[in-house]
Every structure is written in C-alpha cells, then in structure tokens.
Amino acid sequence: MNAERDLTRLLAGMRPELDPGRYVFTTVDGPAPAGVAPVVTVTEPEGLTLVVRQEEADAAGLPYDYVAGWITLRVHSALDAVGLTAAVAGELAAAGLSCNVVAGFHHDHLFVEHDRAGRALELLNGLSRRSADPADPADPAASVASAE
C-alpha cells in the first residue's frame, strides 16, 4: 500500500482507533528499566523520554504527571504529507483538548488526555466524515486546498 499524501483523502480515511490502555510520558537517564516496554522513545539532551503503559511505569516507580489515551490514525500517511497534523490538532484544540502527536512510518499516533479520549475520538470521526463530503464548507481540507 502506498502512503497517502492528499489531505482530503488522509482526513476522510483516517479511521481513528482508541487503544484501551492508559499511557504516560516519563524520562530516564539511561535505558528503559527492566519490565518497561516503551511504545515511543525520544532521545533528548535531558534524558530518554518514554511513553509507556501506566501500569509499567507504576511497577518501575517511574514518575509522570500526564495520563493519556492512545489514538492511532489507521490511514497510511506519507511522512511528507502536509496538513494532517495541523488539521487533527486544530480540531482537538478547538474543543480544548491537548494532543501529543508521534509519526510512525505507517501511521500517526495521538496521545490525548485519557479521561477525554472518547471525546477526542468522536471529534476525529466527525472531522473524517466532514472531509469525506466535499460539499461541506466546514471541511478543513477544502479550505487548505482553496488557499493553495
């Protein structure tokens, strides 16, 4: 399957899926501790950021202050696609929802406040439906396309 670059098709076909777990962001000075299997790692000068299941962080005694739900956009987005992150983050921001985005090779992954993850999923599904209807003036892809 080829990666998608067209913003309208990306939004219309994103098929957001919520993982049932609870995830946290933490940081360590060395490698991930035994028993911790990160779903995301980011190396920064200050340390290694880990996104892990909350129960793994708790068992390892790792500190955190943000509990997230993990939403995967099931569309295969190209890494050089333009506008998907902005459209998704904008939709969530308009509803007062934070969104931490991680791009994988095949999919984009959103970490949103766990207690509001269901609402985030509803908003993303609404954005996808509106994007699939080119006659919808609320379609963010249409406004991006008309500005180009």
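**Close-up 1. D80 and R5 join up in a salt bridge.** In this predicted model, the side chains of D80 and R5 meet with N and O 2.8 Å apart. Look for D80 in the loop between β5 (67–73) and α3, and for R5 in the segment before α1 (7–12). The pair therefore ties together parts that are 75 residues apart in sequence. Why can such a pair form at all? Side chains of opposite charge can pair when their charged atoms come close. By the rule used here, the count for the model comes to six salt bridges.

**Close-up 2. R53 reaches D19 in another salt bridge.** Here the closest N and O atoms of R53 and D19 are 3.6 Å apart. R53 sits in strand β4 (residues 47–53), while D19 belongs to the loop between β1 (16–18) and β2 (23–28). So this pair links parts that are 34 residues apart in sequence.

**Close-up 3. Helix α3 crosses helix α4.** How do these two helices meet? The axes of α3 (residues 84–94) and α4 (residues 117–132) come within 10 Å and cross at roughly 125°. That angle is why α3 counts as oblique to α4. The crossing of α3 past α4 is right-handed. On the α3 side, the contact is made by A87, V88, E91 and L92. Sort the contact residues by class and you get seven nonpolar, two charged and no polar ones.

**Close-up 4. R15 has a positive phi.** Zoom in on the loop between α1 and β1 and you'll find R15. Its phi is near 40°, a positive value in a residue other than glycine.

Key:
Residues numbered from 1 in each chain as written. Predicted model: local features only at pLDDT ≥ 70, side-chain atom pairs only at ≥ 80, totals over all residues. Heavy atoms only, no water. Axes fitted to C-alpha atoms, helices over the stretch in contact; angles between N-to-C directions. Helix = DSSP H or I, 4+ residues; strand = E, 2+ residues; numbered from the N terminus. Parallel < 35°, antiparallel > 145°, perpendicular 65-115°, else oblique. Left-handed = near helix turned anticlockwise from the far one by under 90°. Contact = heavy atoms within 4.5 Å. Nonpolar A, V, L, I, M, F, W, Y, C, P; charged D, E, K, R; others polar. Salt bridge = Lys/Arg side-chain N within 4 Å of Asp/Glu carboxyl O.
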